[in-house]
There are 4 protein chains.
Amino acid sequence: MSIEQMISEHPDVGDDYNGALGQAVRRAMYCAAICNSCADACSAEDMDMRQCIRLCMDCSDVCEATYRVSTRRTGHNRQLIRTMLAVCIHACQLCEEECARHDNDHCRRCARMCSECAEDCQRALETLNDEAHADAEVSTFEHDAA
Amino acid sequence: MSIEQMISEHPDVGDDYNGALGQAVRRAMYCAAICNSCADACSAEDMDMRQCIRLCMDCSDVCEATYRVSTRRTGHNRQLIRTMLAVCIHACQLCEEECARHDNDHCRRCARMCSECAEDCQRALETLNDEAHADAEVSTFEHDAA
Amino acid sequence: MSIEQMISEHPDVGDDYNGALGQAVRRAMYCAAICNSCADACSAEDMDMRQCIRLCMDCSDVCEATYRVSTRRTGHNRQLIRTMLAVCIHACQLCEEECARHDNDHCRRCARMCSECAEDCQRALETLNDEAHADAEVSTFEHDAA
Amino acid sequence: MSIEQMISEHPDVGDDYNGALGQAVRRAMYCAAICNSCADACSAEDMDMRQCIRLCMDCSDVCEATYRVSTRRTGHNRQLIRTMLAVCIHACQLCEEECARHDNDHCRRCARMCSECAEDCQRALETLNDEAHADAEVSTFEHDAA
């Protein structure tokens with residue numbers, strides 16, 4: 001089952017499917033789940049993992065909102081998708097950095113997940129910035145042409 | 001990246017990994033995302049999709065809570081996992097039934113997703129019920145032995 | 001700002017506003033927030049709070065889904081509201097019991113919150129069960145009259 | 001029951017309670033609930049409300065993540081709270097603008113809610129920016145003093 005195909009079947013998407021954004025949605029969905037699991041696993045460890053629990057819970061919440069907002073294609077809200085992708089990159093980088101300090105398998109897996117999520121959100125953000133430039137050019141052109 | 005492997009790396013899990021429950025977590029995570037997408041796609045359709053939007057949003061919320069609760073392995077809360085799996089099966093069946101009435105690709109995909117999620121939650125629920133029976137037997141045995 | 005008034009302004013509600021259900025929505029919304037805060041506060045305590053963190057996170061997730069599902073009035077999904085209210089009562093009772101074991105102000109506050117939420121969900125559940133009985137009577141009557 | 005008092009009872013908070021941030025948490029919690037309700041009510045209206053449904057669902061998701069992240073006080077993640085407050089202001093302004101276009105009671109209530117939430121997040125953001133300046137001064141001072 002693919003969330004990317006699901007988005008491509010949205011009635012307003014048609015040929016205009018943004019693959020990088022679809023990929024970021026899928027990664028942020030996974031990262032929300034992995035960070036939720038890591039927060040729980042950290043709380044069962046014997047060493048002091050409180051900062052790691054905090055960052056994992058925060059990252060899970062941010063990834064969750066990011067993937068849900070970035071999934072939608074009805075009407076328009078692209079600028080909000082851009083700001084959510086940016087804050088998601090931020091949350092993932094902070095969580096990756098903290099998880100990378102710990103030697104547990106779950107922390108190492110979570111750090112990799114956060115790193116991949118940040119990369120995919122970055123790539124999606126660039127395509128949206130490109131589109132924004134293209135839109136700006138079109139609208140400048142239309143203005144000049146008027 | 002696998003949420004099932006992540007759960008198996010929890011410090012309290014060890015050899016005791018419940019594969020059916022891990023699979024249900026993954027499916028419910030996906031089903032939350034697919035239903036969130038279907039609610040949005042339905043709102044862009046020209047026909048009256050209000051009942052479908054409602055059931056997809058409800059199903060997404062229930063799947064989300066189900067997968068998050070069912071992921072955790074610290075301490076114990078198995079009885080709550082059981083009741084959440086049961087309500088998730090219920091939500092998925094209602095959403096599948098409604099989505100199956102519509103001819104859109106996204107509704108058909110969402111119906112399949114809900115059906116698969118309900119099946120996996122059912123399978124996971126049975127393993128937990130079996131464990132509960134086993135626990136009850138052990139505790140009866142312990143009681144008799146005392 | 002009142003979530004109860006908001007629900008009463010839904011176009012399909014009219015004179016049919018269920019006050020007990022509106023009250024349960026507000027309490028479950030608060031309980032989701034209080035449990036989220038208690039999980040975080042518990043992880044900062046020096047004693048072993050892992051079981052309490054687990055139950056607070058679980059309860060927060062369940063309350064969140066419960067209030068979101070129980071808010072909606074478009075079309076119909078009353079049976080799912082009933083099952084979510086029931087699982088919410090369960091989650092709140094488990095969390096209250098665990099929090100009541102600890103002497104921290106935040107745990108005591110969280111225990112009270114869970115207790116109030118369970119009561120309000122119980123009251124709302126009873127009104128929905130009454131309505132279900134009434135519906136069943138009406139439909140028996142209609143059947144007899146036919 | 002008060003989420004602000006709850007946060008003030010966190011073991012790491014002590015005298016250092018940020019009232020403006022506590023108020024923003026409460027407002028964002030409410031705004032998540034009101035926007036979730038407005039999206040549902042909009043889908044029951046007879047006119048074309050698809051853009052309003054979209055913005056309300058997006059705003060609900062963002063407010064939800066914002067209040068959950070902004071609640072936590074264990075360890076530190078203040079920079080992420082700042083970026084979430086900023087994106088929450090953005091989401092609320094977009095949603096307010098759209099809801100203000102419609103004459104339904106629920107849209108007018110949602111617009112007011114979004115406006116209040118944006119204001120409180122702005123106020124909280126300013127206190128955090130002030131603290132950041134203060135920290136920077138302290139750390140400059142400490143550096144100079146070393």
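How many residue pairs are in polar contact between chain A and chain D? The count is 16 residue pairs, both residues at pLDDT 80 or more. A polar contact is a pair of N or O atoms within 3.5 Å; within protein, one must be able to donate a hydrogen and the other to accept it, and residues adjacent in sequence count only if both atoms are side-chain atoms.

## About the model

This is a predicted model: local features need pLDDT of at least 70, side-chain atom pairs count only at pLDDT 80 or more, and totals for chains, interfaces and linings use all residues. Residues are numbered from 1 along each chain as its sequence is written, chains are lettered from A and ligands numbered from 1 in the order in which they are written, and side-chain values use heavy atoms, with hydrogens and water left out.

## Chain A against chain D

Helix 3 (50-71) and helix 4 (78-99) of chain A each supply at least two residues of the side that touches chain D. Helices are DSSP runs (H or I, at least four residues), numbered from the N terminus. Helix 3 of chain A gives the largest share, eleven residues. By class, this side of chain A has eleven nonpolar, eight polar and seven charged residues. Here Ala, Val, Leu, Ile, Met, Phe, Trp, Tyr, Cys and Pro count as nonpolar, Asp, Glu, Lys and Arg as charged, and the others, Gly among them, as polar.

In total, 26 residues of chain A are in contact with 26 residues of chain D (contact means heavy atoms within 4.5 Å). The two chains bury about 2,400 Å² between them. Buried area is the accessible area (1.4 Å probe) that two parts lose on being put together, summed over both. Carbon and sulfur atoms give 58% of it. A:Arg54, A:Asp61 and A:Arg72 supply 26% of the area that chain A buries against chain D, more than any other three residues.

There are six salt bridges between chain A and chain D. A salt bridge is a side-chain nitrogen of Lys or Arg within 4 Å of a carboxyl oxygen of Asp or Glu. One links A:Arg72 to D:Asp61, at 2.9 Å from N to O.

## Chain B against chain A

This contact takes 40 residues from chain B and 40 residues from chain A. The buried area is about 3,500 Å², with 57% on carbon and sulfur atoms. Two salt bridges join chain B and chain A. In one of them, B:Arg109 pairs with A:Glu9, and the closest N and O atoms are 2.7 Å apart.
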